[in-house]
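Here's a quick tour for anyone meeting this structure for the first time. Have a look at the sequence and the model, then read on.

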Amino acid sequence: MSSSVNGDADVVVGRIEPCRVVELPEIVDARGSLCVVESGKEIDFDVKRAYYMFGMPPGTRRGGHGHRRLRQLIIAVHGRFEVKVDDGFSTRTFVLDHPRLGLYMTPMVWRDMVDFTPGTVGLWLVSEPYDESDYYRDYDEFLRDARSGA
Ligand code: TYD
């Protein structure tokens, strides 16, 4: 398991391979645990936006989109869920089941979030402000661009 992602110039767009689970530094003492995410260390982007999700009913499926430019780190700060990723050529499923784990994702990768356990809270740290034009919401459009390297 990788412990960090560094080097802006090295970002590979449109492939699953750079997407990986990063083990975040965890500072443990008698009061509990504290995990840290720092730009330039655990992630290779500046965090321009954070959002979180909670209250997902059983059977919820979220995501169902891809991003043109956005990079992100996804953390299950409580509970567990799975992220199915697809670069148009192959697919992979990542499990987030501990708050010390973050899934780092590069652009041009389709994702679906599934199998949320009750009470799950997911946190997204992302590289861009909200911009609907950065989204692929249509899988066929994503597939066409991903496969042509757009
Ligand atoms: P959506 O993209 O459907 O969430 P998911 O990641 O599960 O696919 O977003 C749900 C709604 O929230 C949608 O109307 C867009 C809006 N939204 C914002 O206004 N700002 C944000 O930063 C995000 C992530 C979503």
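Is Asp 134 buried or exposed? In this predicted model, Asp 134 counts as buried because its relative accessibility is 3%, and the cut-off for buried is under 20%. You'll find Asp 134 in the loop that links β11 (121-126) to β12 (135-136). Its side chain has a partner, too: there's a polar contact with the side chain of His 67, at 2.9 Å.

Most residues other than glycine have a negative phi. Met 108 isn't a glycine, yet its phi is positive, at about 60 degrees. Asp 115 isn't a glycine either, and its phi is also positive, at about 55 degrees.

Where do these two sit? Met 108 is in the loop between β9 (101-105) and β10 (110-114), while Asp 115 is in the loop between β10 and β11. As for how covered they are, Met 108 has a relative accessibility of 3%, so it counts as buried. Asp 115 comes out at 47%, so it counts as partly exposed, since that label covers values between 20% and 50%.

On to the ligand. Which residues are around it? The list runs Arg 49, Tyr 51, Met 53, Arg 62, Gly 63, His 65, Tyr 130, Tyr 135 and Arg 137. Sorted by class, that shell holds four nonpolar, two polar and three charged residues. Two strands, β4 (49-53) and β5 (62-67), each supply at least two residues of the shell.

| Residue | Part of the residue | Distance to a ligand oxygen atom |
|---|---|---|
| Arg 49 | side chain N or O atom | 2.4 Å |
| Arg 62 | side chain N or O atom | 2.6 Å |
| Gly 63 | backbone N or O atom | 3.2 Å |

So how much of the ligand does the protein cover? On its own, the ligand has 530 Å² of accessible area, and the protein covers 61% of that. The space the ligand takes up is the largest pocket.

How values were computed
Residues are numbered from 1 along each chain as its sequence is written. This is a predicted model: local features need pLDDT of at least 70, side-chain atom pairs count only at pLDDT 80 or more; totals for chains, interfaces and linings use all residues. Side-chain values use heavy atoms; hydrogens and water are left out. A residue is near a molecule or strand if one of its heavy atoms lies within 4 Å of it. A polar contact is a pair of N or O atoms within 3.5 Å; within protein, one must be able to donate a hydrogen and the other to accept it, and residues adjacent in sequence count only if both atoms are side-chain atoms. Accessible areas come from the Shrake-Rupley method with a 1.4 Å probe; for residues, only the protein chains shown count as cover. On a 1 Å grid over the protein atoms alone, a cavity is a set of points where a 1.4 Å probe fits but cannot get out, and a pocket is an open set with protein on both sides within 12 Å along at least five of seven lines; lining residues have an atom within 4 Å of a point. A molecule sits in a cavity or pocket if more than half of its atoms lie within 2 Å of its grid points. Helices (H or I, at least four residues) and strands (E, at least two) are DSSP runs, numbered from the N terminus. Ala, Val, Leu, Ile, Met, Phe, Trp, Tyr, Cys and Pro count as nonpolar, Asp, Glu, Lys and Arg as charged, and the others, Gly among them, as polar. Buried means under 20% relative accessible area, exposed over 50%, partly exposed in between (1.4 Å probe, protein chains only).
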